[in-house]
Amino acid sequence: MGLFGPLKPLHRAEEDGKALAKTLSWPHLMALGIGGIIGTGIYTLTGVGAGLAGPGVLVSFALCGLVCACAALCYTEMSTLIPAAGSAYTYTYSAIGEVAGWVVGWALILEYSLACSSVAVGWSAHLVGWLNEGMGLQLPAFLLNAPHAGGLVNLPAVLVSLAVMGLLMIGARESATLNILLVIIKIVALGAFIVLGLPAIQAGNYDPFAPYGFIGQQIGGEKVGIMAAAAIVFFAFFGFDAVSTSAEEAKKPGRDLTIGILGSMAVSTLIYMLVAGVAVGVAPFQEIANSAEPLPHILREIGYPVVAGLVGLAAIVALPSVILVMMYGQSRIFFVMARDGLLPQAVAKVNKKGSPALITLITGIFVAIFAGFVPLKEIAALSNAGTLIAFIAVALSMIILRRRFPDLPRTFKTPAYLLVGLAAIAGCAFIFYSLPIQSQLFTLIWMAIGLVVYFSYGKWHSRLKKGA
């Protein structure tokens, strides 16, 4: 028994019909991580971050990458030590206790579901813009906007959510294999942007480098500065944590998870730094901030309209990979929480391929409803809040298990574990502090609702409490 309720055993065999099939190898997991990390963030948040920090957005990306690198090291140790589905929820449940595990699981629901829906809405906007400019097609406005924007439903966002759901229901391996192709498309498109943009860089665009300072300030009721930008562009980095949700489906967890998590973080951080550096070097940051599609905009401005169109098309083709990764992670979190009895166990079943079809169906419908009908303003900040809570919990869990069970065999050990773990916790806490106040308040309300659900249902149906 832990301070926050019973502790889940580090290793527990699951009965037939409730265990996920081992179908994924390290290329699938690395592509899963890159697919989740390189997405809406790099295509849109480069401009948003530049508007908040100026050229200093480079430091914002670097800080996020550093904090995420520390978190990734903690995730790698925990996922190889506890190769079960559930990611941060499972690790926290095992190290700190059931109540803390539930809080983290509830935070992950906030992260994944809102991120899925927001990417679906972003994909819809890219598609509509491309159809209008490239094909001359005008779709009915009432089918392109949610009710809050004067429409009936954002139909493209609903359809792409349901299409990804259908793919995931077929099986994890098939989904992951397609994701590899989508990741290659994204990397080629971003590579083209970097190569064509480098010769057009003007050193004067980097001055002043940090017009709003490091800690930042309030301008017009909005937080600005390098840390304020970091709190938003942090959205661009999470995705590697979805790799850890696949631990139970990895063929060789020790090797596959280590390569998948650390490899995807390293590749994605390098690409982000190069893209952001080129973007703010080619055009004044105010110009980038005012564009909904900063990368194609820059390419058009420097005389590459055809490539700009292709980069925009690549976003349309490849952004569903982000939805796939996030929905995959969300369905696995739901599945494990239900398998543990904290949510109705009836949904914790797998099909003949070892895929949780029912919970995937429920997740897909939930995401599609949000994407089609719910306003998702400040979605990046809200998703970030859930992620930051999960990262702090994983780092804390890693430290606790190192102290409690120092002699457990570990395939991967976080170097300087106390320093790295505390750096991850402090960095995430500082970024959370830098979030907009309304996002912090919404997160607290969401957590309060979660605790009501736990104490009214989960606490009384827990498998651990029942001795199962």
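Salt bridges with shared partners bring Glu77, Arg402 and Arg410 together in one network. The model described here is predicted, and it holds two salt bridges. Side chains of opposite charge can pair when their charged atoms come close.

One of the salt bridges runs between Arg410 and Glu77, whose closest N and O atoms are 3.1 Å apart. This pair links distant parts of the chain: Arg410 is in the loop between H16 and H17, Glu77 is in helix H3, and 333 residues separate them. Glu77 also forms a salt bridge with Arg402, and here the closest N and O atoms are 2.9 Å apart. That pair again links distant parts of the chain, with Glu77 in helix H3 (residues 57-81) and Arg402 in helix H16, 325 residues apart. Glu77 has a relative accessible area of 1%. Arg402 has a relative accessibility of 12%, and because buried means under 20%, Arg402 counts as buried too.

Thr414 lies in the loop between helix H16 (379-404) and helix H17 (417-433). Its relative accessibility is 3%, so Thr414 counts as buried.

Which residues are in contact with Thr414, leaving aside neighbours within four places in sequence? They are Leu73, Cys74, Glu77, Met398, Arg402 and Val420.

## The chain as a whole

The secondary structure of the protein chain consists of 19 helices and two strands. The chain has 468 residues, of which 59% count as buried. Its accessible surface comes to about 17,300 Å², and carbon and sulfur atoms account for 72% of that surface.

Contacts can also be sorted by separation along the sequence. Among contacts between residues at least 6 apart in sequence, 83% join residues at least 24 apart.

## Aromatic rings

The structure holds ten aromatic pairs. In one of them, Trp102 and Tyr454, the ring centres are 5.9 Å apart and the planes stand at 40 degrees, so the pair is tilted. Trp102 is in helix H5 and Tyr454 is in helix H18 (residues 437-461), so this pair ties together parts that are 352 residues apart in sequence. Trp102 is buried, with a relative accessible area of 1%. Tyr454 is buried as well, and its relative accessible area is 1%.

Ring pairs also build a cluster, which consists of Trp102, Trp106, Trp446, Tyr454 and Phe455. A ring can also have a charge over it, as with Trp460: the charged end of Lys459 sits over this ring, 5.5 Å from its centre.

## Residues within helices

Ser124 is found in helix H5 (residues 98-135). Is Ser124 buried or exposed? Ser124 is buried, as its relative accessible area is 2%. Not counting residues up to four places away in sequence, Ser124 touches Asn154, Pro156 and Ala157.

Ile271 belongs to helix H10 (residues 253-282) and counts as buried at 11% relative accessibility. Its C-alpha atom is 7.8 Å from that of Leu190, a residue 81 places away along the chain. Leu190 is also one of the residues that Ile271 touches; the others are Ile38 and Ile187, again not counting residues up to four places away in sequence. Ala192 is in helix H7 (residues 172-197). With a relative accessible area of 27%, Ala192 is partly exposed. The C-alpha atoms of Ala192 and Leu310 are separated by 9.8 Å, although the two residues are 118 residues apart along the chain.

## A nonpolar patch on the surface

Leu162, Leu358, Leu361, Ile362, Ile365, Ile369 and Phe373 form a nonpolar patch on the surface. Together these residues have about 540 Å² of accessible area.

Which helix gives the most to the nonpolar patch? Helix H15 (residues 357-373) does, with six residues. Ile369 lies in helix H15 and counts as partly exposed, at 44% relative accessibility.

Note on methods:
Residues numbered from 1 in each chain as written. Predicted model: local features only at pLDDT ≥ 70, side-chain atom pairs only at ≥ 80, totals over all residues. Heavy atoms only, no water. Helix = DSSP H or I, 4+ residues; strand = E, 2+ residues; numbered from the N terminus. Buried < 20%, exposed > 50% of the residue type's maximum accessible area, 1.4 Å probe, protein only. Contact = heavy atoms within 4.5 Å. Phe/Tyr/Trp six-rings, centres within 6.5 Å; stacked < 30°, edge-to-face > 60°. Lys NZ or Arg CZ within 6 Å of the ring centre and 35° of its normal. Patch = residues over 30% accessible without salt bridge, like charges linked within 9 Å, V, L, I, M, F, W, Y side chains within 5 Å. Areas by Shrake-Rupley, 256 points an atom, 1.4 Å probe, with all protein chains shown as cover. Salt bridge = Lys/Arg side-chain N within 4 Å of Asp/Glu carboxyl O.
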